[in-house]
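Trainee: Please take me through the core of this model and the helices around it. I would like the terms spelled out as they come up.

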Amino acid sequence: MDVVMEYLDTYVFDSVYDKAAQLTATAPLPRDSLVRQSLSLFVFIYAYIVAFYFGTAGLSYRFIYDKKQEQHPKFLPRQRLLEMACASKALPVITVLTIPWILGELHGYSLVYKEWDKYGYAYLGISAALFILFTDFCIYWVHRLEHHPRVYARCHKLHHKWIVCTPFASHAFHPVDGYLQSLPYHLAVFIFPMHEYVYLALFAFVNVWSVMIHDGEYVASNPVVNGAAHHTVHHLYFNYNYGQFTTLFDRIFNSYRKPTQEIYDRSRRNSKTVQALQARHIDTALPTLENSKKQQ
Ligand SMILES: [Zn+2]
Ligand SMILES: [Zn+2]
């Protein structure tokens with residue numbers, strides 16, 4: 001992240017803080033000031049995450065999302081706007097909670113490194129695979145625990161308001177839920193080394209992936225990859241497929257549910273009979289799942 005901050009300080013923030021100092025007749029905040037770094041990080045992370053969310057989800061909605069899904073009986077009136085409003089409320093809080101992690105990284109407490117060959121070139125690929133596996137494992141358990149009756153209503157239920165998602169559901173959750181599910185991405189570089197550019201690229205990837213698993217479009221029916229089909233099963237049938245990137249931990253810890261063929265097949269997926277069956281299942285299963293566990 002320091003490479004990004006270096007550019008931003010040089011081309012944006014130095015002049016902004018100089019102007020602010022002139023206006024307030026004080027000395028400009030130095031680059032290593034914690035107050036300045038926190039303010040700059042808030043502006044940068046918030047702008048990045050908002051642009052990324054609306055940009056990626058917007059493109060996915062425009063070019064990939066099957067809008068016939070909006071005819072599903074469980075699709076809420078004005079749902080896309082509700083998803084955007086929910087995400088817009090969550091993102092500033094998540095940004096604030098994220099700042100200490102990035103400050104820790106900027107101040108050299110993480111294992112992010114700069115030299116491409118520090119651990120050998122093969123390690124660049126190994127660390128990327130390790131990042132996916134480590135975060136997938138942690139998110140699996142964070143997500144599964146969020147479905148625990150004591151936690152669910154307070155933290156995760158908001159994200160399950162979207163039974164049939166649009167790509168804008170990707171970041172539409174309670175801020176604490178969003179933060180908890182993002183924690184493994186920050187924690188990873190305090191546990192094993194990662195090259196700064198590999199880390200930045202993976203950070204962009206995880207945001208795109210989060211949109212992709214909510215766009216309902218199933219490019220492949222690969223049984224190992226936790227794609228849109230698997231996450232659709234999670235939103236429709238609730239206590240299955242908690243994973244983010246792979247189905248590995250759902251298979252190991254017995255929460256895997258194979259998507260049915262109609263989830264992959266556009267014409268069958270949009271059939272009124274199939275959608276009515278799904279709606280009936282949700283009407284009977286969801287109150288049982290929620291009320292019996294006193295989640296309301
Ligand atoms: Zn869930
Ligand atoms: Zn989801």
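Mentor: What follows starts with the whole chain and then turns to the core and its helices.

This is a predicted model, in which local features need pLDDT of at least 70, side-chain atom pairs count only at pLDDT 80 or more, and totals for chains, interfaces and linings use all residues. Residues are numbered from 1 along each chain as its sequence is written, while chains are lettered from A and ligands numbered from 1 in the order in which they are written. The mean pLDDT (the predictor's confidence in each residue, from 0 to 100) is 90 for the protein, and 96% of the residues score at least 70. Over residues 292-296 the pLDDT is below 50, and this stretch has 10 contacts in the model beyond near neighbours in sequence. Two residues are in contact if their C-beta atoms, placed from the backbone, lie within 7 Å.

The protein has 12 helices and 2 strands; these are DSSP runs numbered from the N terminus, helices being H or I of at least four residues and strands E of at least two. Their order along the sequence is α-α-α-β-α-α-α-β-α-α-α-α-α-α. The radius of gyration of the protein, 21 Å, is close to the 19 Å that the globule rule gives for 296 residues, so the protein is as compact as a globular protein of that length. That radius is taken over C-alpha atoms, and the rule is 2.2 Å times the number of residues to the power 0.38. Along its principal axes the C-alpha trace spans about 65 × 45 × 40 Å. Of the contacts with a separation of 6 or more, 69% join residues 24 or more positions apart.

Buried residues make up 34% of the 296. A residue is buried if 20 or more other C-beta atoms lie within 10 Å of its own, exposed if 12 or fewer, and partly exposed in between, with C-beta atoms placed from the backbone. The largest nonpolar core has 28 residues, and Ala87, Ala90, Trp162, Phe168, Ala169 and Ala172 have the most contacts inside it. Such a core is a set of buried Ala, Val, Leu, Ile, Met, Phe, Trp, Tyr and Cys residues joined through C-beta atoms within 7 Å. Helix H2 (34-63), helix H3 (79-106), helix H7 (196-212) and H8 each supply at least two residues of this core. H3 gives the most to the core, with 6 residues. Not counting residues up to four places away in sequence, Ala169 touches Glu83, Trp162 and His214.

Now the helices one by one. H2 has 30 residues and reaches 42 Å from its first C-alpha to its last, close to the 44 Å expected at 1.5 Å a residue; the expected span is 1.5 Å times one less than the number of residues. Its buried residues are Gln37, Ser40, Leu41, Ile45, Ile49, Tyr53, Thr56, Ala57 and Ser60. Their cover includes helix H1 (2-24), H3 and H7.

In H3, Pro100 is exposed, with 12 other C-beta atoms within 10 Å. Pro100 and Leu41 are 59 residues apart in sequence and 9.7 Å apart in space, C-alpha to C-alpha.

The end C-alpha atoms of H7 are 24 Å apart, which agrees with the 24 Å that its 17 residues should span at 1.5 Å a residue. Tyr199, Asn207, Ser210, Val211 and Met212 are the buried residues of H7, and what covers them includes H2, strand S1 (112-113), strand S2 (194-195) and H8.

Helix H8 (residues 228-237) is mostly covered, with 9 of its 10 residues buried. Among them are His230, His231, His234 and His235. Just after H8, Phe238 takes a positive phi of about 80°.

Helix H4 (residues 122-146) contains Ser127, which counts as buried with 23 C-beta neighbours inside 10 Å. Leaving aside neighbours within four places in sequence, Ser127 is in contact with Phe192, Pro193, Met194 and Val198.

The unreviewed UniProt entry annotates residues 39-61, 81-103 and 123-142 as "transmembrane region". UniProt positions are given in the numbering used here, feature names are shortened, and annotations may be inferred rather than shown by experiment. In the model, residues 81-103 are 100% helix and 0% strand, with end C-alpha atoms 33 Å apart. Residues 123-142 are also 100% helix and 0% strand, with end C-alpha atoms 27 Å apart.
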